[in-house]
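Subject: Structure handover

Hello,

Please find the structure below, with the sequence. My notes on what was found in it follow.

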Amino acid sequence: MMVSNALDLLLGTSKNPLHAYLLVGKEELTKAAAVKFAKEVVCEGSEGCIHCKLIDTNSHPDVVVIEKTGSALMVEEALEIIHAASRTPRLAKKRILIVPDVHLMEKARPTLLKTLEEPPEETIFVLLANSVPPDLVTIQSRCLIFNIAEKDLEGYGAVERSLATSAQSDEVSLRSDLWKSIPSRLDNTGASIALLVDELMASVDQILSEVKKAQVMELKVIDSSPGDKRSIAAMRKQVEERQRRELRRMRNEEFRDRLSDLAHFYLDRIKEVSVVGESSNRQFRAAEASHDLIAYDSILEAQERLRRNVNEPLLLRWLLFRLGGIEG
Ligand SMILES: [Zn+2]
(Lines give C-alpha, C1' and ligand atoms only; values in the text may rest on other atoms or scores of the structure.)
Protein backbone atom coordinates (compact mmCIF):
# COMPACT_ATOMS: atom_id res chain seq x y z
CA MET A 1 0.00 0.00 0.00
CA MET A 2 1.20 3.49 -0.81
CA VAL A 3 1.68 5.55 2.27
CA SER A 4 1.02 9.24 1.71
CA ASN A 5 3.93 11.38 2.68
CA ALA A 6 3.72 13.78 5.59
CA LEU A 7 3.88 16.89 3.41
CA ASP A 8 1.00 15.64 1.24
CA LEU A 9 -1.09 15.18 4.34
CA LEU A 10 -0.13 18.59 5.68
CA LEU A 11 -0.98 20.27 2.38
CA GLY A 12 -4.20 18.27 2.23
CA THR A 13 -5.45 20.09 5.30
CA SER A 14 -4.91 23.50 3.70
CA LYS A 15 -8.45 23.36 2.32
CA ASN A 16 -9.75 23.66 5.84
CA PRO A 17 -6.69 24.64 7.82
CA LEU A 18 -6.57 24.06 11.55
CA HIS A 19 -5.37 26.68 13.99
CA ALA A 20 -2.03 25.18 14.89
CA TYR A 21 0.52 22.83 13.40
CA LEU A 22 3.78 21.48 14.71
CA LEU A 23 6.34 20.42 12.12
CA VAL A 24 9.15 18.30 13.49
CA GLY A 25 12.46 17.84 11.70
CA LYS A 26 15.54 19.70 10.49
CA GLU A 27 14.83 23.41 10.35
CA GLU A 28 15.54 23.82 6.64
CA LEU A 29 13.02 21.07 5.91
CA THR A 30 10.28 22.17 8.28
CA LYS A 31 10.64 25.77 7.17
CA ALA A 32 10.36 24.80 3.51
CA ALA A 33 7.31 22.68 4.32
CA ALA A 34 5.77 25.52 6.31
CA VAL A 35 6.24 27.96 3.43
CA LYS A 36 4.72 25.49 0.96
CA PHE A 37 1.80 25.03 3.27
CA ALA A 38 1.35 28.80 3.67
CA LYS A 39 1.37 29.14 -0.10
CA GLU A 40 -1.24 26.46 -0.44
CA VAL A 41 -3.48 28.22 2.06
CA VAL A 42 -3.32 31.70 0.53
CA CYS A 43 -2.78 30.93 -3.19
CA GLU A 44 -5.55 32.00 -5.52
CA GLY A 45 -4.56 29.40 -8.10
CA SER A 46 -4.48 31.91 -10.90
CA GLU A 47 -1.57 32.50 -13.21
CA GLY A 48 0.80 35.08 -11.78
CA CYS A 49 -0.97 34.89 -8.44
CA ILE A 50 0.17 37.78 -6.27
CA HIS A 51 0.26 35.71 -3.08
CA CYS A 52 2.76 33.21 -4.47
CA LYS A 53 4.93 36.00 -5.87
CA LEU A 54 5.02 37.75 -2.52
CA ILE A 55 5.79 34.54 -0.66
CA ASP A 56 8.57 33.69 -3.09
CA THR A 57 10.19 37.03 -2.38
CA ASN A 58 9.53 36.63 1.34
CA SER A 59 7.38 39.77 1.43
CA HIS A 60 3.83 38.56 1.90
CA PRO A 61 2.30 40.63 4.72
CA ASP A 62 0.21 37.72 5.98
CA VAL A 63 2.87 35.03 5.93
CA VAL A 64 5.21 35.90 8.74
CA VAL A 65 8.32 33.98 9.72
CA ILE A 66 9.22 34.98 13.26
CA GLU A 67 12.94 35.66 13.40
CA LYS A 68 14.43 35.15 16.79
CA THR A 69 17.21 37.40 18.05
CA GLY A 70 18.84 35.08 20.57
CA SER A 71 19.26 31.34 20.52
CA ALA A 72 15.84 30.82 22.03
CA LEU A 73 12.61 32.72 21.81
CA MET A 74 12.33 35.22 24.62
CA VAL A 75 9.17 36.35 26.32
CA GLU A 76 9.21 39.66 24.45
CA GLU A 77 9.36 37.74 21.23
CA ALA A 78 6.46 35.57 22.27
CA LEU A 79 4.50 38.73 22.99
CA GLU A 80 5.43 39.97 19.56
CA ILE A 81 4.11 36.73 18.10
CA ILE A 82 0.85 37.20 19.92
CA HIS A 83 0.61 40.76 18.73
CA ALA A 84 1.27 39.66 15.16
CA ALA A 85 -1.30 36.89 15.53
CA SER A 86 -4.01 39.27 16.64
CA ARG A 87 -3.69 41.47 13.57
CA THR A 88 -6.19 40.74 10.84
CA PRO A 89 -4.87 39.53 7.52
CA ARG A 90 -4.14 42.30 5.04
CA LEU A 91 -4.14 40.53 1.69
CA ALA A 92 -5.16 36.95 2.26
CA LYS A 93 -8.05 35.45 4.19
CA LYS A 94 -5.71 33.92 6.74
CA ARG A 95 -2.58 35.00 8.50
CA ILE A 96 0.12 32.39 8.87
CA LEU A 97 2.77 32.69 11.56
CA ILE A 98 5.76 30.43 11.21
CA VAL A 99 7.59 30.07 14.53
CA PRO A 100 10.93 28.26 14.41
CA ASP A 101 12.82 26.54 17.25
CA VAL A 102 9.88 25.92 19.49
CA HIS A 103 11.87 23.11 21.17
CA LEU A 104 14.30 25.73 22.50
CA MET A 105 11.57 27.92 23.83
CA GLU A 106 11.41 28.00 27.62
CA LYS A 107 10.34 31.29 29.14
CA ALA A 108 8.16 32.14 26.18
CA ARG A 109 6.32 28.85 26.18
CA PRO A 110 3.48 29.69 28.60
CA THR A 111 2.69 32.83 26.60
CA LEU A 112 2.60 30.93 23.36
CA LEU A 113 0.57 28.16 24.94
CA LYS A 114 -2.06 30.61 26.05
CA THR A 115 -2.44 31.91 22.51
CA LEU A 116 -2.73 28.38 21.18
CA GLU A 117 -5.51 27.67 23.63
CA GLU A 118 -7.60 30.50 22.27
CA PRO A 119 -6.27 31.09 18.81
CA PRO A 120 -7.28 34.25 16.96
CA GLU A 121 -9.90 33.35 14.37
CA GLU A 122 -7.96 34.12 11.21
CA THR A 123 -4.50 33.08 12.33
CA ILE A 124 -2.76 29.80 11.66
CA PHE A 125 0.30 28.89 13.69
CA VAL A 126 2.96 26.72 12.13
CA LEU A 127 5.44 25.86 14.86
CA LEU A 128 8.78 24.29 13.94
CA ALA A 129 10.87 22.09 16.19
CA ASN A 130 13.95 19.94 15.63
CA SER A 131 12.63 17.39 18.07
CA VAL A 132 9.87 17.05 20.61
CA PRO A 133 11.30 16.95 24.13
CA PRO A 134 8.87 15.62 26.77
CA ASP A 135 8.22 19.08 28.19
CA LEU A 136 6.83 20.19 24.85
CA VAL A 137 3.85 17.91 25.38
CA THR A 138 1.48 20.69 26.33
CA ILE A 139 2.17 22.54 23.11
CA GLN A 140 2.12 19.36 21.10
CA SER A 141 -1.32 18.46 22.36
CA ARG A 142 -2.72 21.61 20.80
CA CYS A 143 -1.21 21.16 17.36
CA LEU A 144 -1.54 18.81 14.45
CA ILE A 145 1.92 17.22 14.24
CA PHE A 146 3.92 16.19 11.19
CA ASN A 147 7.39 14.72 10.98
CA ILE A 148 9.00 16.26 7.93
CA ALA A 149 11.78 14.25 6.28
CA GLU A 150 13.97 14.91 3.26
CA LYS A 151 11.92 12.60 1.03
CA ASP A 152 8.70 14.48 1.76
CA LEU A 153 9.91 17.55 -0.07
CA GLU A 154 10.98 15.76 -3.22
CA GLY A 155 8.96 16.29 -6.35
CA TYR A 156 7.03 19.31 -5.25
CA GLY A 157 6.70 21.96 -7.93
CA ALA A 158 4.87 25.24 -7.74
CA VAL A 159 2.59 24.34 -10.62
CA GLU A 160 1.04 21.20 -9.13
CA ARG A 161 0.46 23.03 -5.90
CA SER A 162 -1.34 25.96 -7.45
CA LEU A 163 -3.49 23.54 -9.45
CA ALA A 164 -4.45 21.80 -6.25
CA THR A 165 -5.50 25.11 -4.77
CA SER A 166 -7.71 26.15 -7.63
CA ALA A 167 -9.47 22.80 -7.31
CA GLN A 168 -10.05 23.72 -3.71
CA SER A 169 -12.10 26.86 -4.37
CA ASP A 170 -14.10 24.85 -6.91
CA GLU A 171 -14.87 22.37 -4.16
CA VAL A 172 -16.19 25.06 -1.87
CA SER A 173 -18.43 26.49 -4.56
CA LEU A 174 -19.71 22.98 -5.40
CA ARG A 175 -20.69 22.46 -1.78
CA SER A 176 -22.23 25.87 -1.64
CA ASP A 177 -24.23 25.11 -4.81
CA LEU A 178 -25.48 21.86 -3.29
CA TRP A 179 -26.92 23.71 -0.30
CA LYS A 180 -28.37 26.48 -2.44
CA SER A 181 -30.10 23.86 -4.61
CA ILE A 182 -32.21 22.82 -1.63
CA PRO A 183 -35.13 25.24 -2.19
CA SER A 184 -35.64 24.08 -5.78
CA ARG A 185 -35.39 20.40 -4.86
CA LEU A 186 -37.92 20.33 -2.05
CA ASP A 187 -41.14 18.73 -3.18
CA ASN A 188 -42.31 18.34 0.38
CA THR A 189 -42.18 14.55 0.41
CA GLY A 190 -40.36 12.65 3.13
CA ALA A 191 -38.45 10.73 0.46
CA SER A 192 -36.92 13.79 -1.21
CA ILE A 193 -36.03 15.22 2.16
CA ALA A 194 -34.34 12.00 3.30
CA LEU A 195 -32.33 11.95 0.09
CA LEU A 196 -31.24 15.55 0.51
CA VAL A 197 -30.24 15.00 4.13
CA ASP A 198 -28.05 12.06 3.05
CA GLU A 199 -26.39 14.16 0.37
CA LEU A 200 -25.72 17.05 2.71
CA MET A 201 -24.30 14.78 5.41
CA ALA A 202 -22.06 13.02 2.86
CA SER A 203 -20.67 16.32 1.62
CA VAL A 204 -19.79 17.37 5.17
CA ASP A 205 -18.15 14.00 5.91
CA GLN A 206 -16.14 14.20 2.74
CA ILE A 207 -14.41 17.47 3.54
CA LEU A 208 -13.30 16.06 6.87
CA SER A 209 -11.77 12.93 5.39
CA GLU A 210 -8.46 14.67 4.51
CA VAL A 211 -8.09 15.93 8.03
CA LYS A 212 -8.91 12.50 9.42
CA LYS A 213 -6.14 10.98 7.33
CA ALA A 214 -3.71 13.53 8.73
CA GLN A 215 -4.86 12.78 12.23
CA VAL A 216 -4.23 9.06 11.83
CA MET A 217 -0.73 9.90 10.65
CA GLU A 218 -0.26 12.15 13.63
CA LEU A 219 -1.11 9.33 16.03
CA LYS A 220 1.41 7.12 14.27
CA VAL A 221 4.06 9.77 14.84
CA ILE A 222 3.23 9.79 18.53
CA ASP A 223 3.23 6.00 18.80
CA SER A 224 6.70 5.85 17.34
CA SER A 225 8.15 8.71 19.37
CA PRO A 226 10.83 7.98 21.96
CA GLY A 227 9.97 7.95 25.65
CA ASP A 228 8.38 5.61 28.12
CA LYS A 229 5.14 3.89 27.31
CA ARG A 230 3.12 5.63 29.96
CA SER A 231 3.93 9.17 28.87
CA ILE A 232 3.35 8.26 25.23
CA ALA A 233 -0.02 6.81 26.13
CA ALA A 234 -0.88 9.96 28.07
CA MET A 235 0.11 12.15 25.16
CA ARG A 236 -1.84 10.01 22.74
CA LYS A 237 -4.93 10.43 24.85
CA GLN A 238 -4.50 14.18 24.95
CA VAL A 239 -3.97 14.37 21.22
CA GLU A 240 -6.97 12.16 20.51
CA GLU A 241 -9.11 14.48 22.58
CA ARG A 242 -7.80 17.50 20.75
CA GLN A 243 -8.39 15.77 17.40
CA ARG A 244 -11.98 15.12 18.34
CA ARG A 245 -12.46 18.76 19.30
CA GLU A 246 -10.83 19.84 16.06
CA LEU A 247 -13.09 17.67 13.92
CA ARG A 248 -16.08 18.86 15.87
CA ARG A 249 -15.11 22.47 15.27
CA MET A 250 -14.56 21.90 11.57
CA ARG A 251 -17.92 20.16 11.21
CA ASN A 252 -19.60 23.04 12.96
CA GLU A 253 -17.82 25.57 10.77
CA GLU A 254 -18.85 23.73 7.63
CA PHE A 255 -22.49 23.57 8.72
CA ARG A 256 -22.40 27.20 9.76
CA ASP A 257 -20.90 28.36 6.45
CA ARG A 258 -23.18 26.29 4.23
CA LEU A 259 -26.27 27.28 6.18
CA SER A 260 -25.16 30.88 5.69
CA ASP A 261 -25.02 30.25 1.94
CA LEU A 262 -28.55 28.93 2.10
CA ALA A 263 -29.74 31.82 4.25
CA HIS A 264 -28.27 34.24 1.73
CA PHE A 265 -30.15 32.53 -1.04
CA TYR A 266 -33.43 33.37 0.71
CA LEU A 267 -32.25 36.82 1.68
CA ASP A 268 -31.35 37.65 -1.92
CA ARG A 269 -34.78 36.53 -3.03
CA ILE A 270 -36.44 38.70 -0.40
CA LYS A 271 -34.44 41.71 -1.57
CA GLU A 272 -35.32 40.96 -5.19
CA VAL A 273 -39.01 40.90 -4.38
CA SER A 274 -38.92 44.20 -2.57
CA VAL A 275 -37.18 45.78 -5.55
CA VAL A 276 -39.26 44.21 -8.35
CA GLY A 277 -42.74 44.18 -6.74
CA GLU A 278 -45.06 45.02 -9.63
CA SER A 279 -48.50 46.22 -8.55
CA SER A 280 -50.44 43.42 -10.35
CA ASN A 281 -48.92 40.61 -8.33
CA ARG A 282 -47.67 42.52 -5.37
CA GLN A 283 -49.84 40.53 -3.01
CA PHE A 284 -48.53 37.23 -4.29
CA ARG A 285 -44.97 38.45 -3.99
CA ALA A 286 -45.55 39.76 -0.52
CA ALA A 287 -46.76 36.32 0.56
CA GLU A 288 -43.73 34.74 -1.06
CA ALA A 289 -41.44 37.18 0.67
CA SER A 290 -42.91 36.47 4.06
CA HIS A 291 -42.40 32.73 3.45
CA ASP A 292 -38.80 33.41 2.55
CA LEU A 293 -38.41 35.43 5.69
CA ILE A 294 -39.66 32.52 7.79
CA ALA A 295 -37.30 30.23 5.92
CA TYR A 296 -34.45 32.63 6.65
CA ASP A 297 -35.32 32.66 10.34
CA SER A 298 -35.52 28.87 10.44
CA ILE A 299 -32.01 28.63 9.01
CA LEU A 300 -30.69 30.99 11.65
CA GLU A 301 -32.42 28.89 14.27
CA ALA A 302 -30.82 25.76 12.84
CA GLN A 303 -27.39 27.43 13.02
CA GLU A 304 -28.05 28.29 16.62
CA ARG A 305 -29.11 24.74 17.49
CA LEU A 306 -26.08 23.22 15.79
CA ARG A 307 -23.87 24.93 18.31
CA ARG A 308 -25.44 22.76 20.99
CA ASN A 309 -24.23 19.39 19.67
CA VAL A 310 -27.57 18.24 18.32
CA ASN A 311 -28.14 15.25 16.08
CA GLU A 312 -27.26 16.74 12.69
CA PRO A 313 -29.41 14.59 10.35
CA LEU A 314 -32.43 15.14 12.58
CA LEU A 315 -31.86 18.85 12.64
CA LEU A 316 -31.49 18.97 8.85
CA ARG A 317 -34.71 16.99 8.48
CA TRP A 318 -36.46 19.44 10.72
CA LEU A 319 -35.10 22.37 8.75
CA LEU A 320 -35.93 20.92 5.34
CA PHE A 321 -39.47 20.14 6.40
CA ARG A 322 -39.87 23.73 7.51
CA LEU A 323 -38.36 25.05 4.30
CA GLY A 324 -40.49 22.62 2.32
CA GLY A 325 -43.68 23.57 4.10
CA ILE A 326 -42.89 27.13 3.33
CA GLU A 327 -42.09 26.41 -0.29
CA GLY A 328 -45.14 24.28 -1.02
ZN1 LIG B 1 -0.62 31.45 -5.85
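Some terms come first: helix axes are lines fitted to C-alpha atoms over the stretch in contact, and angles run from 0 to 180 degrees between N-to-C directions. Helices (H or I, at least four residues) and strands (E, at least two) are DSSP runs, numbered from the N terminus.

This is a predicted model, in which local features need pLDDT of at least 70 and side-chain atom pairs count only at pLDDT 80 or more, while totals for chains, interfaces and linings use all residues. Residues are numbered from 1 along each chain as its sequence is written.

Overall, the chain has 12 helices and five strands. It has 328 residues, and 32% of them count as buried (20 or more other C-beta atoms within 10 Å of the residue's own; 12 or fewer is exposed, in between is partly exposed, and C-beta atoms are placed from the backbone). Two residues are in contact if their C-beta atoms, placed in that way, lie within 7 Å. Among contacts between residues at least 6 apart in sequence, 81% join residues at least 24 apart.

H4 and H5

Helix H4 (residues 75–86) packs with helix H5 (residues 109–117) at an angle of about 20°, and their axes are 8 Å apart. Angles under 35 degrees count as roughly parallel, over 145 as roughly antiparallel, 65 to 115 as roughly perpendicular and the rest as oblique. H4 and H5 are therefore roughly parallel to each other. On the H4 side, Val75, Ala78, Leu79, Ile81, Ile82 and Ala85 meet Thr111, Leu112 and Thr115 of H5. By class, that contact of H4 with H5 has seven nonpolar residues, two polar and no charged (Ala, Val, Leu, Ile, Met, Phe, Trp, Tyr, Cys and Pro count as nonpolar, Asp, Glu, Lys and Arg as charged, and the others, Gly among them, as polar).

Helix H2 (residues 27–42) has 16 residues and reaches 22 Å from its first C-alpha to its last, close to the expected 22 Å; the expected span is 1.5 Å times one less than the number of residues. Buried residues in H2 include Phe37, Ala38, Glu40 and Val41. Ser14 lies in the loop between helix H1 (6–12) and strand S1 (20–24). Leaving out residues up to four places away in sequence, Ser14 touches Phe37, Glu40 and Val41. Ser14 and Ala38 are 24 residues apart along the chain, with their C-alpha atoms separated by 8.2 Å. Ser14 is buried because 23 other C-beta atoms lie within 10 Å.

Asp62 is in the loop between helix H3 (50–56) and strand S2 (63–65). Asp62 counts as buried because it has 24 C-beta neighbours inside 10 Å. Not counting residues up to four places away in sequence, Asp62 touches several residues, among them Val42, Pro89 and Ile96.

Asp101 lies in the loop between strand S3 (95–99) and H5. Most residues other than glycine have a negative phi. Asp101 is not a glycine, yet has a positive phi of about 55°. With 16 other C-beta atoms within 10 Å, Asp101 is partly exposed.

Phe265

Phe265 is found in helix H10 (residues 229–276). It is buried, with 20 other C-beta atoms within 10 Å. Apart from neighbours within four places in sequence, Phe265 is in contact with Lys180 and Pro183. The C-alpha atoms of Phe265 and Trp179 are separated by 9.4 Å, at 86 residues apart along the chain.

Regards
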